[in-house]
Amino acid sequence: INMNAGPSPLPQDALLTAAASLLSFQGSPGMGIAEISHRSKAFADVFNEANADLRSLLEIPDNYKVLWMQGGGLTQFAATVLNLNAWYRTKHQLSAADQVEGWYAVTGSWSKKAADEATRLGVKARKVVDGKKLGGGKFRSIPPGREWDLPQLEENQRKPAFVYYCDNETVDGVEFGGQGSDTEFPFSQIDPEVPIVCDMSSNFLSRPVDVSKYGIIYAGAQKNLGPAGVTIVIVREDLLVNVDEAVQYGSAPIPSMLSYKVMADDNSLFNTPPTFAIYVCSLVLRSLLESPPLPLAASAAPLSPLSDFADKKSALLYTAIDESAGFYAGTADKGVRSRMNVTFRINGGDEDLEKDFIKQASDLGIKGVNGHRSVGGLRASIYNAVSLEGVQRLADLMRTFREKHA
Ligand code: PLP
């Protein structure tokens with residue numbers, strides 16, 4: 001039972017097909033999927049199907065492009081800033097002396113890193129939420145929108161180029177709309193002209209999303225979608241800008257590989273894409289569409305069974321935490337508890353007991369429940385491909401371990 005935070009488990013049926021296709025794809029022995037041209041008809045079919053399946057699972061509106069990029073989430077920390085800086089500067093015909101701002105809701109380690117990257121790249125990152133400050137040095141909460149530090153702008157003041165947040169903080173276990181709650185990003189408080197950028201790397205495809213509320217959504221594949229090496233970017237068409245022309249408005253030159261417009265114009269085939277990773281993604285998407293973990297109700301969104309499944313699995317672990325009379329303590333506040341990464345401490349952070357727990361879990365075949373190296377503690381990552389039985393087994397261990405040690 002693989003509970004690693006990413007790369008993490010993928011549906012077995014998809015992996016079995018992928019493994020066989022390495023040796024022979026579409027009945028051609030000696031020509032595996034990793035050995036055919038990205039310009040071939042066979043790969044084009046895979047790619048078109050993957051795009052169509054992703055579009056139907058997420059119900060992506062027609063005025064959005066789907067880009068398949070490389071470089072993971074970290075590259076998108078930069079690409080979002082570089083592209084939106086170019087877009088904003090072009091739109092307002094700025095000069096190099098003008099400062100552009102992005103507003104960041106810093107609710108965990110990844111959004112903090114993204115804000116730091118914006119600063120490195122010369123865009124002022126204004127923290128409209130500082131989760132660490134609110135949590136007394138730890139990321140554990142997301143305040144309601146009315147408490148965000150959203151500046152009230154005068155008419156002559158420049159708006160931010162974008163507002164940025166991370167939907168699920170993988171390290172800290174903090175999620176918008178987390179387990180048993182409806183804490184949403186405060187869309188209605190953001191000027192509709194300002195694009196909202198969201199890092200959905202670690203809860204991508206775990207629930208329905210109203211894509212039309214966003215300017216950009218991106219996600220590294222290596223949690224719910226496929227192997228590391230491919231990153232999905234969903235971008236509203238009006239935000240695509242010629243980055244070379246933006247230089248006259250004070251934008252820095254941007255590598256072509258990071259330009260959303262270059263990628264969109266070339267249907268993500270500007271260079272050789274990670275063909276095998278894309279192929280595995282195509283199989284996972286097909287598997288999510290064809291065999292959801294729970295039945296899909298007639299009028300429900302295609303991803304609603306995955307959302308119910310995530311709620312059900314995470315509830316098993318949060319219940320084990322809540323009934324433990326403090327022996328286990330969740331590190332995230334109730335209401336923002338992640339349905340993907342359940343983070344907790346044992347006995348107030350007793351590292352010996354925590355090590356013992358990790359060992360016992362491992363002996364039972366439950367791997368990867370150690371917390372991120374920066375925060376310690378425990379973290380059970382229970383992405384789409386982790387079974388309910390696997391999570392139940394961890395919940396059972398939590399009970400027996402507590403009975404022995406509390
Ligand atoms: N954003 C989130 C939410 C993540 O969980 C991660 C990695 O785990 C990243 C960004 C960084 O992604 P990558 O390692 O693909 O650059």
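Mentor: The C-alpha centres of domain 1 and domain 2 lie 28 Å apart. This is a predicted model: local features need pLDDT of at least 70, side-chain atom pairs count only at pLDDT 80 or more, and totals for chains, interfaces and linings use all residues. Residues are numbered from 1 along each chain as its sequence is written.

Trainee: What makes these two domains, and where are their bounds?

Mentor: The bounds come from an automatic or database domain assignment. That assignment gives 12-286 for domain 1 and 304-405 for domain 2.

Trainee: How many residues of each domain are in contact with the other?

Mentor: A contact needs two C-beta atoms, placed from the backbone, within 7 Å. By that test, 23 residues of domain 1 are in contact with 26 residues of domain 2.

Trainee: Let's take helix α10. How do you know that its length agrees with what a helix should span?

Mentor: Helices (H or I, at least four residues) and strands (E, at least two) are DSSP runs, numbered from the N terminus. The expected span is 1.5 Å times one less than the number of residues. The 18 residues of α10 (388-405) should therefore span 26 Å, and the end C-alpha atoms are 26 Å apart, which agrees.

Trainee: Which residues of α10 are called buried, and which are called exposed?

Mentor: Buried requires 20 or more other C-beta atoms within 10 Å of a residue's own, exposed requires 12 or fewer, and partly exposed is in between, with C-beta atoms placed from the backbone. V391, L394, M398 and F401 are buried in α10. Seen down the axis of α10, the buried residues fall within an arc of 80° (taken from the directions from the helix axis to the C-beta atoms), so they line one face of the helix. On the other side, E389, R399, T400, E403 and K404 are exposed. The cover over the buried residues includes α8 (304-322), β12 (328-330), α9 (351-363) and β14 (378-381).

Trainee: How many bridges join β3 to β11?

Mentor: There are 6 bridges, and the pairing is antiparallel. K65, for instance, has V235 in β11 as its bridge partner. On a separate point, 5 of the 6 residues of β3 are buried, so this strand is largely enclosed by the rest of the structure.

Trainee: What about β10 and β11: parallel or antiparallel?

Mentor: Antiparallel, over 5 bridges between β10 (residues 216-220) and β11 (residues 231-236). G220 stands opposite T231 in β11.

Trainee: What makes you call α7 largely enclosed?

Mentor: Of the 16 residues of α7 (residues 275-290), 12 are buried, so the helix is largely enclosed by the rest of the structure. Among them are I278, Y279, C281 and L285. These buried residues pack against α1, α2 (41-58), β3 and α8.

Trainee: Why is N347 called partly exposed?

Mentor: N347 has 18 C-beta neighbours inside 10 Å, so it counts as partly exposed. Its phi is also positive, near 50°, and N347 lies in the loop between β13 (341-346) and α9.

Trainee: Which peptide bond is cis?

Mentor: The bond from G6 to P7 is cis, with omega near -5°. P7 sits in the segment before α1 (12-23).

How values were computed:
Pairing = 2+ DSSP bridges.
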